Amino acid sequence: MRTVATAGHVDHGKSSLVLALTGTDPDRFPEEKQRGLTIDLGFAFTKLPSGQEVGFVDVPGHVRFIKNMLAGVGAVDVVMLVVAANEGWMPQSEEHLRIIELLGVRHGLVCLTKADLVDEDTLELARLELDERLVASVLGDAPVVVCDAVSGRGLDDVRAGLDTVLATAPEPVDRDRPRLWVDRAFAAKGAGTVVTGTLAGGSLRVDDEVEVGPRARWARVRAIETAHHQLDVAAPGTRVALNLAGPGIERSAVRRGDGVVRAGQWQLTDVVDVGLEPLGNNTFRAHASLQCYAGSGEHPAVLRVLDAAGRFGRVRLDERVPLAPGDRLVLRDPGERDTVGGAEVLDAAPSGRARDAAPSLALPLERRLLAGHRWLAGDALGPRAGLGAAQAAALSEALVRSGAAVRVGAWLVAPDTLAALRTASADQVRAHHARAPLEPGVDLATLASELRVDADRLRAALEEDSELVVERGYVRDATRRSSVGASAEARALLDALEKAPFSPPEPASAGADAALVRSLVREGAVVDLDGIVFASSALDEARRRVRAALRDRGTVTVADVRDLLGSTRKYVLPILKQLDREGITRRRGDDRIPGPAAQRDG
Ligand SMILES: Nc1nc2c(ncn2[C@@H]2O[C@H](COP(=O)(O)OP(=O)(O)OP(=O)(O)O)[C@@H](O)[C@H]2O)c(=O)[nH]1
Ligand SMILES: [Mg+2]
């Protein structure tokens, strides 16, 4: 199935044509029927002579309801522009055509209707005017059909024309990234919440898990319906009604303008960087409050122009919607009630400052993303680039192969970014080694915060760096000897020693050989006192306790120290001899009194 939206000035006969073609009156509401005026979108289906199924989205022509018109054309790629022969080209004929162009619609059929109301000369004049209006537009080559909905004149030509246009227009794109902009949401009796819209970008199937933005609720597609029959799979381009099931998917939580996307595939965003396309002689003010139309939604938005030439802008929306590069927005001035222009999304989640953004926005998509973000998580590439998984994988391959990006852990990084980070890290680490030669290196988290990068990225960046080594949370120069204390054997010995600090086991009984003990002594993790190996922390603790006792009592015996440490003479004697050497204690007969270093740091 394909979907076609109507367009054209109020009262020009759009709904009448849809009714004549489908047998369904798209004006659903009593007020619409009463006033003979379309207020909100209407929907109808038919089968064309070729067998092609087509769904119509019938839009209102009145300028007051342009918001609803925009909601209807946001996801279609073919239009039927309707102009009444008796009135000719009117303001919303023009505005609708411009909107269609801004949205990137390239295909359509033009119907010159109400032909029964004019004579042949007037009809001919109307045709000429139409040609003039259309020639430089996207509908310059579109077939023009003369018709009227009263006598049925030309209706077969309209059907044939639609067939031709749909056959020439490219199939709706399928990137395996379905998105449905909700144009209606209602509670169906016994079925929960139903949303309708024109599916684009990929297929959806029953049981798919979807997110319903902006509130990013999770839901399951319970059923899909189109033209009153059930589908298991809906292809892009189809008008569908989705029955959604899930916690929090009550009717009130879903509105027109929401996006339904496959879970995890899209960037829900309320800030986008765009390329600006002012309409005619319009210009965008440097700072402007505008109405922004994205998909089927209308959003109060603030536009900030990013460059002197007015080519780029940053748009802040009132809420988060699923957007990707290539999406087109329409910007209207709520005060002037006028379409100022359009915008193409270039970056759906800009991370840098607005005033720095313009240069990278001028680049083609792949380079733009890297230039704008420096680091791109592999699984974010699809949402950021607006690509399905397979295409995103191919893009990341191509970026790496061309040298535009380097794979670092789970990220793609611009080579100059990586090089700069490594250089800055090396500088900091060497400075640290010079300052603190006994320390194993710089703490990774500290280094990361100094370099303003997150620790995971830094770790990944340094993993394959030949100059630096990350070990036990420290970054050190690769040319410095690795710390023995990091080994499992060393850890086992230290654990055993620390468990019984003042009556430590023989290192051999903890599985440590003499070489390991020597290395640990060199690193300062253990001390060897007359052949007995203690953890350095044990000696520190003994020092502390003996000092404290000397302060209290002025003198201590070997037996006192033995009790102080809960140990035996065998271990206490070597400790006291060490304290004598350090000048903390001094022998006097059988006692120990404070040595010259007793009060230092005590
Ligand atoms: N004589 C004649 N009248 C027509 C024709 N098509 C529509 N009309 C009448 O024109 C009026 C407007 O027709 P609609 O189809 O409602 O026009 P519309 O473009 O849908 O109007 P909006 O949705 O409000 O923009 C109605 O009174 C129709 O009966 C036609 O081909 N010939
Ligand atoms: Mg109508």
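Predicted model: local features only at pLDDT ≥ 70, side-chain atom pairs only at ≥ 80, totals over all residues.

Entry one, the metal site. I checked burial for Ser 15 and Thr 38: both are buried, meaning under 20% relative accessible area, with over 50% being exposed and partly exposed in between (1.4 Å probe, protein chains only). Both coordinate the magnesium ion (ligand 2), Ser 15 through OG and Thr 38 through OG1, at 1.9 to 2.0 Å. Ser 15 sits in helix H1 (residues 14–22), while Thr 38 is in the loop between helix H2 (30–35) and strand S2 (42–47). The two are 23 residues apart, so the pair links distant parts of the chain. I counted as donors N, O and S atoms within 2.8 Å of the metal (3.2 Å for Na, K and Ca); water is not among the atoms, so sites may look incomplete. Helices (H or I, at least four residues) and strands (E, at least two) are DSSP runs, numbered from the N terminus.

Residues are numbered from 1 along each chain as written, chains are lettered from A and ligands numbered from 1 in the order written, and side-chain values use heavy atoms without hydrogens or water.

Entry two, Thr 226. I found Thr 226 in strand S12 (residues 217–226). Thr 226 counts as buried because its relative accessibility is 5%. Beyond four places in sequence, its contacts (heavy atoms within 4.5 Å) are Met 1, Phe 45, Leu 231, Thr 238, Arg 239 and Val 240.

Cys 147 is buried, at 0% relative accessibility. Cys 292 is buried, with a relative accessible area of 0%.
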